[in-house]
Amino acid sequence: MKAGFGFKRAQGPLDYGSRTWLKVLFAAIFFVLYAPIVTLIAFSFNTDKRGIVWRGFTLDNYVKAWNNESLIEALTNSLVIALIATVIATILGALVALMLWRFRFPFKAGYEGFIALPIVIPEICMAVALLLFFVNSGMMAFFVDMPWPLNLGNIIIAHVTFCFPFVAVVVRSRLVGFNRQLEEASKDLGASEWQTFWSIIVPYMKPGLIAGALLAFTLSLDDFVITFFTSGPETVTFPVKVYSLVRRGVSPEINAASTVLIVITVVATVIAMKLQAPSKADKG
């Protein structure tokens with residue numbers, strides 16, 4: 001019905017965003033989600049030593065965090081672990097995704113569910129399981145005596161274990177839209193299986209590979225629970241180090257270091273989301 005003849009125009013599905021109560025609800029949700037993060041970032045510039053009451057603006061907290069050798073060492077460990085785990089998880093995840101997409105084999109549905117276990121089970125259960133495995137297999141003691149960065153091996157293995165299923169899900173979702181006629185055309189033109197794979201399939205997988213790698217990097221860099229259970233006495237990562245410092249009180253130095261980690265995580269997440277978005281060629 002048209003408005004202006006005594007009839008009220010019915011609201012469409014996109015018109016509900018104009019309601020006041022819905023705007024208030026959205027504002028409340030965003031406030032609850034982002035107010036703590038904004039507060040942490042703001043207090044990273046606080047001059048108060050305890051970081052509880054706002055005293056004034058300063059950049060000295062970032063200088064102190066940069067000069068804190070233990071924090072830099074922990075951040076370096078986290079970056080090395082994340083980079084190595086990302087490379088291994090991306091390779092394994094891509095192979096698993098390709099296998100599930102391309103081949104048929106017995107108990108395929110059960111295997112898919114088994115691959116999803118690290119994603120769906122509680123992280124604390126995953127951490128305890130990995131700890132028991134490392135201790136009973138002797139790997140925990142084996143990696144402790146290794147030089148850096150080999151002493152991070154148990155954490156890297158643990159991170160690969162829970163990261164590569166995420167890569168597999170992202171890459172497989174990309175492969176679902178693959179046009180098999182491109183592969184057939186490549187073979188009709190005389191290309192071999194490997195040539196078709198590297199020239200046709202891999203370029204198509206590339207956005208999914210990059211997005212999956214960035215997702216794995218973010219998950220590895222931010223992980224605390226699994227790292228806390230599987231790390232040795234001499235291997236401290238950035239989240240574990242921040243947790244140990246917070247127990248003695250929150251300081252602007254910790255806020256500054258946490259802000260840097262938040263910025264790294266947000267940038268990696270935004271890039272992953274951009275790469276996961278369908279391109280104009282795919283939409284056409």
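The legends below describe an overall view and several close-up views of one predicted model.

Residues are numbered from 1 along each chain as its sequence is written, and side-chain values use heavy atoms, with hydrogens and water left out. Because the model is predicted, local features need pLDDT of at least 70 and side-chain atom pairs count only at pLDDT 80 or more, whereas totals for chains, interfaces and linings use all residues.

**View 1**
Helices (H or I, at least four residues) and strands (E, at least two) are taken here as DSSP runs, numbered from the N terminus, and along the sequence the pattern reads α-α-α-α-α-α-α-α-α-α-α-α-α-α. Of the 284 residues, 36% count as buried, a word that stands for under 20% relative accessible area, with exposed being over 50% and partly exposed in between (1.4 Å probe, protein chains only). The chain exposes about 17500 Å², and carbon and sulfur atoms supply 70% of this area, which is computed by the Shrake-Rupley method with a 1.4 Å probe, where for residues only the protein chains shown count as cover. Among the contacts (heavy atoms within 4.5 Å) with a separation of 6 or more, 70% join residues 24 or more positions apart.

**View 2. Asparagine 61 in helix 2, which spans residues 60-67.**
Asparagine 61 counts as buried because its relative accessibility is 6%. A polar atom of the asparagine 61 side chain lies 2.8 Å from the backbone oxygen of serine 44. If residues up to four places away in sequence are not counted, asparagine 61 touches Ser44, Phe45, Asn46, Pro252, Glu253 and Ala256.

**View 3. Isoleucine 156 in helix 8, which spans residues 153-175.**
Isoleucine 156 is buried, because its relative accessible area is 9%. Valine 80 is 76 residues from isoleucine 156 along the chain, yet the C-alpha atoms of these two residues are separated by 9.1 Å. Residues up to four places away in sequence being left out, isoleucine 156 touches Ile81, Ile84, Ala85 and Ile88.

**View 4. Valine 240 in helix 12, which spans residues 238-246.**
With a relative accessibility of 11%, valine 240 counts as buried. Its contacts, leaving aside neighbours within four places in sequence, are with Phe224, Thr227 and Phe228. The C-alpha atom of valine 240 is 9.8 Å from that of aspartate 222, a residue 18 positions away along the chain.

**View 5. Alanine 268 in helix 13, which spans residues 252-276.**
Alanine 268 has 6% relative accessibility and therefore counts as buried. Once its neighbours within four places in sequence are set aside, alanine 268 is in contact with Leu214 and Thr218. Alanine 211 is 57 residues from alanine 268 in sequence, and the distance between their C-alpha atoms is 9.2 Å.

**View 6. The largest cavity, with a volume of about 40 Å³.**
A search of the whole structure finds one cavity of 30 Å³ or more. On a 1 Å grid over the protein atoms alone, a cavity is a set of points where a 1.4 Å probe fits but cannot get out, and lining residues have an atom within 4 Å of a point. Grid points are joined across faces, edges and corners, and the volume is the space filled by probe spheres set on the points. The lining consists of Val144, Asn151, Asn154, Gly232, Pro233, Glu234 and Thr235. These residues divide into two nonpolar, four polar and one charged, where Ala, Val, Leu, Ile, Met, Phe, Trp, Tyr, Cys and Pro count as nonpolar, Asp, Glu, Lys and Arg as charged, and the others, Gly among them, as polar.

Methods. On a 1 Å grid over the protein atoms alone, a cavity is a set of points where a 1.4 Å probe fits but cannot get out, and a pocket is an open set with protein on both sides within 12 Å along at least five of seven lines; lining residues have an atom within 4 Å of a point. A polar contact is a pair of N or O atoms within 3.5 Å; within protein, one must be able to donate a hydrogen and the other to accept it, and residues adjacent in sequence count only if both atoms are side-chain atoms.
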